[in-house]
Amino acid sequence: ASSTVTPPVRSRSGRMTSFLSIKLPELPHMDFEGQRLAERIFQVIIVAFGIVGFVWGYVCQRFSQTVIIVGAGFILSCALILLPWPFYRRHPIKWLPASGEKTKKTKK
């Protein structure tokens with residue numbers, strides 16, 4: 001098993017650091033209902049823009065118009081789906097409380 005080593009980079013302060021040690025900000029995650037809503041929004045946008053793009057491309061007799069309209073729908077859906085908007089976090093997950101005791105199985 002070979003391990004990969006990331007090359008060091010110089011940070012803004014001049015110190016050498018590795019890509020693995022850079023702390024990225026954590027974005028809030030969407031809940032399960034938010035995931036369902038995001039999937040539905042994606043499907044509706046892609047289908048709607050696909051139909052409109054097909055009809056407009058057929059009327060204009062230009063396939064490029066169809067591709068542009070479907071591409072615009074894809075960009076719009078990415079802007080709405082990929083970012084963790086607050087309306088995707090309306091139903092937070094209620095986790096069970098952590099147990100403080102560690103259980104060990106003993107052989108008898």
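Is Tyr58 buried or exposed? Tyr58 is exposed, with a relative accessible area of 59%; exposed means over 50%, buried under 20% and partly exposed in between, with a 1.4 Å probe and protein chains only.

The structure is a predicted model, in which local features need pLDDT of at least 70 and side-chain atom pairs count only at pLDDT 80 or more, whereas totals for chains, interfaces and linings use all residues. Residues are numbered from 1 along each chain as its sequence is written, and side-chain values use heavy atoms, with hydrogens and water left out.

**Overall architecture**

The protein chain contains two helices and two strands, in the order β-β-α-α from the N terminus. Both kinds of element are DSSP runs numbered from the N terminus: helices are H or I of at least four residues, and strands are E of at least two. Of the 108 residues of the protein chain, 11% count as buried. The protein chain exposes about 10,100 Å², of which carbon and sulfur atoms supply 66%; accessible areas come from the Shrake-Rupley method with a 1.4 Å probe, and for residues only the protein chains shown count as cover. Among contacts (heavy atoms within 4.5 Å) between residues at least 6 apart in sequence, 53% join residues at least 24 apart.

Val47, Ile51, Phe54, Val55, Trp56, Tyr58 and Val59 make a nonpolar surface patch of about 780 Å². Patches are made of residues with over 30% relative accessible area and no salt bridge; like charges are joined within 9 Å, and nonpolar side chains (Val, Leu, Ile, Met, Phe, Trp, Tyr) within 5 Å. One member, Val59, has its place in helix α1, residues 32-60. Val59 counts as exposed because its relative accessibility is 58%.

A search of the whole structure finds one salt bridge, defined as a side-chain nitrogen of Lys or Arg within 4 Å of a carboxyl oxygen of Asp or Glu. Glu33 and Arg36 form a salt bridge, with their closest N and O atoms 3.0 Å apart. These residues are three apart in helix α1, so about one helical turn separates Glu33 from Arg36. Glu33 counts as partly exposed at 38% relative accessibility, and Arg36 counts as exposed at 56%.

Two aromatic pairs are found in a search of the whole structure. Phe54 and Tyr58 form a stacked pair, 6.4 Å centre to centre with 20° between the planes. Rings of Phe, Tyr and Trp (its six-membered ring) pair if their centres lie within 6.5 Å; planes under 30 degrees apart count as stacked, over 60 as edge-to-face and the rest as tilted. Phe54 and Tyr58 are four residues apart in helix α1, which means that about one helical turn separates them. Phe54 is exposed, at a relative accessible area of 55%. Phe87 and Tyr88 form a tilted aromatic pair, with 4.4 Å centre to centre and 50° between the planes. Phe87 is partly exposed, with a relative accessible area of 30%, whereas Tyr88 is buried, with a relative accessible area of 0%.

| Aromatic pair | Centre to centre | Angle between planes | Class |
|---|---|---|---|
| Phe54 and Tyr58 | 6.4 Å | 20° | stacked |
| Phe87 and Tyr88 | 4.4 Å | 50° | tilted |

**Helix α2 and the segment after it**

Ser77 has its place in helix α2. Ser77 is buried, with a relative accessible area of 1%. Leaving aside neighbours within four places in sequence, Ser77 is in contact with Phe42, Ile45, Ile46 and Leu82. A polar atom of the Ser77 side chain lies 2.8 Å from the backbone oxygen of Phe74. A polar contact is a pair of N or O atoms within 3.5 Å; within protein, one must be able to donate a hydrogen and the other to accept it, and residues adjacent in sequence count only if both atoms are side-chain atoms.

Ile75 also has its place in helix α2, but Ile75 counts as exposed, at 59% relative accessibility.

Trp85 is found in the segment after α2 (63-81) and counts as partly exposed at 34% relative accessibility. Not counting residues up to four places away in sequence, Trp85 touches Ala79 and Leu80. The backbone oxygen of Leu80 lies 3.5 Å from a polar atom of the Trp85 side chain. The C-alpha atoms of Trp85 and Gly34, 51 residues apart along the chain, are 9.3 Å from each other.
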